[in-house]
Amino acid sequence: MTVIVLGGAGYVGSHAVEMLLKKGYDVAVVDNLVTGHRAALPLDVRFYEGDVRDHDFLNNVFAKEKNIEGLMHFCAYSLVGESMEKPTMYFDNNVGGCISILETMQKFDVKHIVFSSTAATFGVPETSPITEMTPQKPINPYGESKLIMEKMMQWQSEATDMTYVALRYFNVAGASSDGHIGEAHKNETHLIPIILQVAQGKREFITIYGNDYKTSDGTCIRDYIDMEDLINAHVKALEYLKAGGKSNQFNLGSSKGYSNLEVLETARKVTGKNIPSILGERRPGDPDELVADSTKANNILNWHAQNDLEHIIENAWNWHKNHPDLYDD
Ligand SMILES: NC(=O)c1ccc[n+]([C@@H]2O[C@H](COP(=O)([O-])OP(=O)(O)OC[C@H]3O[C@@H](n4cnc5c(N)ncnc54)[C@H](O)[C@@H]3O)[C@@H](O)[C@H]2O)c1
Ligand SMILES: O=c1ccn([C@@H]2O[C@H](COP(=O)(O)OP(=O)(O)O[C@H]3O[C@H](CO)[C@H](O)[C@H](O)[C@H]3O)[C@@H](O)[C@H]2O)c(=O)[nH]1
């Protein structure tokens with residue numbers, strides 16, 4: 001039985017492929033490489049290059065991969081700032097891709113899908129930490145597109161016998177512990193990899209966006225989740241669905257928040273580098289604090305984050321040091 005990983009050449013998807021293979025699953029990967037890297041995948045994995053919005057392409061893949069027990073779906077555009085400038089591009093790819101995937105699942109009677117949602121579906125929450133009962137009120141097209149995807153999955157699961165799990169990631173970071181794959185976004189905007197690029201000497205300084213937020217030191221607070229913990233949750237979610245679990249949604253984080261300055265200090269400690277920083281303006285659309293309450297994932301999936309921020313940065317630093325040019329493609 002096969003698991004198809006859609007978006008498997010991306011940052012999160014490539015770590016999912018690695019863990020599924022390690023655990024003995026048969027894996028096939030679909031990716032159009034718009035932001036992904038072929039080099040992030042093992043050479044011998046079955047790889048289909050194409051766009052999930054292309055119905056004929058996806059039909060051909062599903063027809064070839066006969067015994068599909070489930071999908072993991074990572075394909076998306078996922079930059080908040082870019083989504084504010086190009087909303088239709090985000091709805092086209094994220095929602096359009098989801099329509100095509102759900103239709104193809106139905107046609108080929110594929111029963112289960114685990115997919116990436118995001119803390120960005122919550123917008124600026126009124127309370128913290130954020131549970132699954134917290135109202136979802138996205139404040140940008142990216143978060144809105146992911147909320148629409150969640151709702152499409154829900155309606156489709158009511159209309160057919162497919163089941164899904166939406167995993168709402170908080171801030172994903174880190175790399176595989178053996179150091180051979182890691183975060184290699186073509187257009188990097190995330191805090192930890194940018195800080196590590198400064199530590200490597202590839203950038204002069206990190207700009208910390210704003211210090212007048214309603215937090216202890218004035219900088220934003222985020223909840224960082226380790227890549228390997230995150231992928232573990234995907235495997236548990238797939239097994240939960242295969243065992244007959246009902247469609248569900250889970251918030252995934254460590255349940256502990258770190259301010260941007262605390263992240264910077266931890267990176268200085270891990271790398272032993274000075275890492276110069278300057279203070280900049282607030283970045284539009286940044287909530288003060290996003291911290292997950294992952295009790296539900298613990299109760300139902302028997303999942304909790306095991307690795308702390310220091311471990312996350314150690315693995316990320318290991319990857320960045322050993323891959324100064326990231327992937328070569
Ligand atoms: N990285 C984070 O902190 C974070 C947080 C919350 C949610 N997410 C979600 O997790 C998922 C993976 O994120 P990532 O950081 O690995 O991003 P990524 O850009 O590295 O990976 C996305 C992958 O999907 C592929 N893709 C995109 N559109 C496609 C299409 N139409 N057809 C085929 N392939 C397509 C890309 O080429 C890429 O390989 C995304 O859905 C993102 O929204 C990420
Ligand atoms: O150069 C930088 C980059 C980021 N930041 C700050 O660092 C914090 C974290 O920013 P990231 O860009 O690393 O991550 P986000 O919190 O914006 O977003 C990430 O986590 C979200 C959920 O929490 C969504 O899932 C989203 O897709 C994902 O990119 C924010 O306060 C941001 O302003 C800086 O100060 N300087």
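Predicted model: local features only at pLDDT ≥ 70, side-chain atom pairs only at ≥ 80, totals over all residues.
View 1. Residues are numbered from 1 along each chain as its sequence is written, while chains are lettered from A and ligands numbered from 1 in the order in which they are written. E5 covers residues 112-118 and E6 covers residues 163-169. Strands (E, at least two residues) and helices (H or I, at least four) are DSSP runs, numbered from the N terminus. The two strands pair in the parallel sense over 7 bridges. Pairing requires at least two bridges found by DSSP. Further along, Ile113 faces Tyr164 of E6, and Ser117 has Arg168 as its bridge partner. On the E4 side, 3 bridges join E5 to strand E4 (residues 68-73), again in parallel. There, His73 stands opposite Phe115.

**View 2. Strands E5 and E6 are covered on both faces.** A residue counts as buried if 20 or more other C-beta atoms lie within 10 Å of its own, as exposed if 12 or fewer do, and as partly exposed in between; C-beta atoms are placed from the backbone. In E5, 7 of the 7 residues are buried, so this strand is largely enclosed by the rest of the structure. His112, Val114, Ser116 and Thr118 point one way, and Ile113, Phe115 and Ser117 point the other. E6 also has 7 of its 7 residues buried. Thr163, Val165, Leu167 and Tyr169 lie on one side of E6, with Tyr164, Ala166 and Arg168 on the other.

**View 3. Seven strands form an open sheet with parallel pairing.** The order is E3-E2-E1-E4-E5-E6-E11. Strand E3 (46-49) and strand E11 (248-252) stand at the edges; each has a single partner strand, so one side of each is left without a neighbour in the sheet. Neighbouring strands are turned by 20° against each other on average, direction ignored.

**View 4. Ligand 1 is surrounded by 27 residues.** A residue is near the ligand if its C-beta atom, placed from the backbone, lies within 6 Å of it. The closest are Gly7, Gly10, Gly36, Ala76 and Ser116. Helix H1 (11-22), helix H4 (87-107), E5 and strand E7 (171-173) each supply at least two residues of this shell. H1 gives the most, with 3 residues.

**View 5. Domain 1 touches domain 2.** The domain assignment, automatic or from a database, gives domain 1 (2-173 + 223-252) and domain 2 (191-222 + 255-322). Their centres, taken over C-alpha atoms, are 24 Å apart. In all, 29 residues of domain 1 are in contact with 27 residues of domain 2. Contact means C-beta atoms, placed from the backbone, within 7 Å. H7 gives the most to the domain 1 side, with 7 residues.

**View 6. The largest nonpolar core holds 96 residues.** Such a core is a set of buried Ala, Val, Leu, Ile, Met, Phe, Trp, Tyr and Cys residues joined through C-beta atoms within 7 Å. Leu6, Ile195 and Leu252 touch the most other members. Helix H7 (residues 227-242) gives the most to this core, with 9 residues. Leaving aside neighbours within four places in sequence, Ile195 is in contact with Ile206, Val263, Leu264, Ala267 and Ile275.

Notes. Axes fitted to C-alpha atoms, helices over the stretch in contact; angles between N-to-C directions. Contact = placed C-beta atoms within 7 Å.
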